[in-house]
Amino acid sequence: MIEFEGVCLSFGAVSVFEDLSFHADAGLHTCLSGLSGKGKSSILKMVQGFVVPEKGDILVDGLELNPENVKAIRSKLAFAPQNINLPVKNGKELVELIGEDLSEDLIMRNIGFLGLSSDMFNRSFDEMSGGQKQRVVIAFCLALPRQIVLLDEPTASLDDESIDHLIRLVAGQKGKTIVSASHNQKWINSADEVITL
Ligand SMILES: Nc1ncnc2c1ncn2[C@@H]1O[C@H](COP(=O)(O)OP(=O)(O)OP(=O)(O)O)[C@@H](O)[C@H]1O
């Protein structure tokens, strides 16, 4: 479960949140929706401890997000960003970089589920379209042994059919807590809970 209580965030003179409270239940898909600039990505960055609010509490699986706990909290999370820039050439190298117990079979299964051919695993990221790269990275995130998966604008580069594949894959992630940020109506409708900002 992820809990925000009385969170206040601003960037210089720009106030993003004055008193934000919500929770994302364990084992469900919660979608953060709202217009561009409302603060969806900032919430995902705060959960990871990359952006720190001025006020308020954030709890991840009961652990308070503070400098002492940030490492333990990050070890529970997988994050698929909106703009993907990877320091490796392809999926195989990404597995080596992550260096964790990661099932290549599960990655392949997720890649197939998302309508991509299995050669995407070895194909250079530079030769992939934005939508292909985004789906491969999401396939990795869902294969990682992490309880919580954060997806920032997961449908941004996807066509309608690919969105359907992704919705089905995410719906099948029993036990994982998924928090996404999106303004795609089809995606929002597929979530268990919606937080409108
Ligand atoms: N590092 C930063 N420095 C200054 N302002 C920032 C920074 N990050 C975000 N902001 C501002 O905070 C507000 C919220 O941005 P954020 O990216 O969280 O919105 P969003 O809802 O995810 O938008 P989008 O749907 O366009 O991705 C915006 O006004 C943005 O300009």
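Which element gives the most to the shell around the ligand? I began my notebook with this, keeping in mind that I was looking at a predicted model.

**Entry 1: the ligand shell**

I looked up the shell and found that α1 gives the most to it, with three residues. Helix α1 covers residues 40-47, and both this helix and strand β2 supply at least two residues of the shell. I then wrote down the residues around the ligand, which are F11, V14, V16, G34, S36, G37, K38, G39, K40, S41, S42 and A181. Sorting the shell by class, I noted four nonpolar, six polar and two charged residues.

**Entry 2: the chain as a whole**

I stepped back to the whole chain, where I found seven helices and nine strands. The C-alpha trace spans about 45 × 35 × 35 Å along its principal axes. I wanted to know how the radius of gyration fits the chain length: for 197 residues a compact globule would have a value near 16 Å, and the chain has 17 Å, so the two agree.

I also checked the UniProt record, an unreviewed entry, which lists residues 2-197 under "domain: ABC transporter". In the model, the end C-alpha atoms of residues 2-197 lie 16 Å apart, and this span is 32% helix and 27% strand.

**Entry 3: the antiparallel sheet**

Before tracing the sheets, I reminded myself that strands of a sheet pair through backbone hydrogen bonds, either parallel or antiparallel.

I followed an open sheet of four strands, in the order β2-β1-β4-β5, and its pairing is antiparallel. Its edge strands are β2 (14-24) and β5 (63-64), each of which pairs on one side only.

I then went through the pairs. Strand β1, residues 2-11, runs antiparallel to β2, and seven bridges join them; in this pair S10 stands opposite S15 of β2. The two strands β1 and β2 form a hairpin with two residues between them, and in the turn I found G12 with a positive phi of about 60°.

**Entry 4: the parallel sheet**

Which strands make up the sheet with parallel pairing, and in what order? I traced five strands in an open sheet and wrote the order as β6-β7-β8-β3-β9. The edge strands here are β6 (77-80) and β9 (193-196), and each pairs on one side only. From one strand to the next, the twist averages 15°.

Inside this sheet I looked at strand β7 (residues 148-152) and strand β8 (residues 177-181), which run parallel and are joined by five bridges. Here V149 stands opposite I178 in β8. I next looked for a helix on the sheet, and found that α5, residues 130-143, packs on it and touches β6 and β7. The direction of helix α5 makes about 175° with that of β6.

**Entry 5**

A181, which is among the residues around the ligand, falls within the range of strand β8, residues 177-181.

Definitions and conventions. Residues are numbered from 1 along each chain as its sequence is written. This is a predicted model: local features need pLDDT of at least 70, side-chain atom pairs count only at pLDDT 80 or more; totals for chains, interfaces and linings use all residues. Two strands pair if DSSP finds at least two bridges between them. UniProt positions are given in the numbering used here, feature names are shortened, and annotations may be inferred rather than shown by experiment. Axes are lines fitted to C-alpha atoms, for helices over the stretch in contact, and angles run from 0 to 180 degrees between N-to-C directions. Two residues are in contact if their C-beta atoms, placed from the backbone, lie within 7 Å. A residue is near a molecule or strand if its C-beta atom, placed from the backbone, lies within 6 Å of it. Ala, Val, Leu, Ile, Met, Phe, Trp, Tyr, Cys and Pro count as nonpolar, Asp, Glu, Lys and Arg as charged, and the others, Gly among them, as polar. The radius of gyration is taken over C-alpha atoms; the globule rule is 2.2 Å times the number of residues to the power 0.38.
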